[in-house]
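Here is a short briefing to read with the structure open beside you. Take a moment to turn the model around, and then we can walk through it topic by topic.

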Amino acid sequence: MKKYLFFLLFLIFSIVSFSQRITAVQWMVGTWKINTPQGTIVEIWQTKDDSTLQGRSVFVKTAGDSITQEKIEFAYRNGDWYYTPTVMNQNGGNAVPFKVIFIRGTEFISENPSHDFPQRIAYRRIKQNMYASIEGKRNGKYGKQNFDFTGE
């Protein structure tokens with residue numbers, strides 16, 4: 001009887017801890033947009049499973065054509081979160097993992113010090129806005145680019 005009780009408690013704890021993982025980043029799920037004179041940057045985030053979000057970034061030109069810019073996986077693996085983009089026409093088409101070094105509430109910071117640029121990617125949601133940034137050194141000079149999204 002004790003074995004069954006232990007197994008049941010373990011199963012319940014496992015289910016609760018798995019669901020808590022995805023709820024930690026559920027605030028990213030949705031469609032986020034930035035309007036520019038050349039078109040609209042659209043970032044779409046969806047829940048894949050209990051420990052993974054899938055995202056993609058698309059540029060929609062004013063003429064209506066769309067170009068996929070990147071595919072992104074935000075996943076909890078082996079006790080850590082990873083933000084892993086695959087940017088079209090960069091890094092030989094390979095995914096580049098950025099380990100999340102800070103996550104709290106509706107924000108996170110991820111880093112990959114060995115990547116050429118950026119070395120840091122951060123996101124923060126405030127109400128219906130999502131603020132993302134990429135930063136680091138490129139050719140010895142520090143640079144940062146901000147992306148101010150509005151939720152759809």
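Which residues does Thr84 touch, not counting residues up to four places away in sequence? They are Lys71, Ile72, Glu73, Ala95, Val96 and Pro97. Please keep in mind that this is a predicted model.

**The overall picture**

- The protein has one helix and ten strands, and from the N terminus on the elements run α-β-β-β-β-β-β-β-β-β-β.
- Of the 152 residues in the protein, 35% are buried.
- If you take the contacts between residues at least 6 apart in sequence, 26% of them join residues at least 24 apart.
- The accessible surface of the protein comes to about 9,800 Å², and carbon and sulfur atoms account for 55% of it.

- You will find Thr84 in strand S5, which covers residues 80-87.
- Thr84 counts as buried because its relative accessibility is 16%, under the 20% cut-off.
- Gly55 is 29 residues from Thr84 in sequence, and the two C-alpha atoms are 9.8 Å apart in space.

- Strand S8 (residues 120-126) and strand S9 (residues 129-138) run antiparallel and are joined by seven bridges.
- Within this pairing, Arg124 has Tyr131 in S9 as its bridge partner.
- Two residues lie between the strands in the hairpin of S8 and S9, where Lys127 takes a positive phi near 55 degrees.
- S9 also pairs with strand S10 (residues 141-151), again in the antiparallel sense, over ten bridges.
- Here Ala132 stands opposite Phe147 in S10.
- The hairpin of S9 and S10 has two residues between the strands as well, and in this hairpin Asn139 takes a positive phi near 55 degrees.

**Aromatic rings**

- The structure holds ten aromatic pairs.
- One of these joins Tyr76 and Trp81, with ring centres 5.2 Å apart and planes at 65 degrees, so the pair is edge-to-face.
- Trp81 is buried, with a relative accessible area of 7%.
- Phe108 and Tyr123 form a stacked pair, 5.2 Å centre to centre with 15 degrees between the planes.
- This pair links distant parts of the chain, as Phe108 lies in strand S7 (residues 107-111) and Tyr123 in strand S8, 15 residues apart.
- Both Phe108 and Tyr123 are buried.
- Ring pairs link Trp27, Trp45, Phe74, Tyr76, Trp81, Tyr83, Phe108 and Tyr123 into a cluster.

**The nonpolar core**

- In soluble globular proteins, nonpolar side chains tend to be buried together.
- In this model, the largest nonpolar core has 25 residues, and those with the most contacts inside it are Met28, Trp45, Phe74, Tyr83, Phe108 and Tyr123.
- At least two residues of this core come from each of strand S1 (30-36), strand S2 (39-49), strand S3 (52-61), strand S4 (66-77), S5, S6, S8 and S9.
- S9 gives the most to this core, supplying three residues.

**Loops and backbone details**

- A cis peptide bond joins Phe117 and Pro118, with omega at about -5 degrees.
- Pro118 is placed in the loop between S7 and S8.
- Asn89 has a positive phi of about 65 degrees although it is not a glycine, and its place is in the loop between S5 and strand S6 (98-104).
- Asn89 counts as exposed because its relative accessibility is 82%, over the 50% cut-off.
- Asn91 is found in the loop between S5 and S6, and it has a positive phi of about 55 degrees although it is not a glycine.
- Asn91 is partly exposed, with a relative accessible area of 31%.

Conventions: Residues numbered from 1 in each chain as written. Predicted model: local features only at pLDDT ≥ 70, side-chain atom pairs only at ≥ 80, totals over all residues. Heavy atoms only, no water. Pairing = 2+ DSSP bridges. Helix = DSSP H or I, 4+ residues; strand = E, 2+ residues; numbered from the N terminus. Buried < 20%, exposed > 50% of the residue type's maximum accessible area, 1.4 Å probe, protein only. Contact = heavy atoms within 4.5 Å. Phe/Tyr/Trp six-rings, centres within 6.5 Å; stacked < 30°, edge-to-face > 60°. Core = buried A, V, L, I, M, F, W, Y, C linked by side-chain atoms within 4.5 Å. Areas by Shrake-Rupley, 256 points an atom, 1.4 Å probe, with all protein chains shown as cover.
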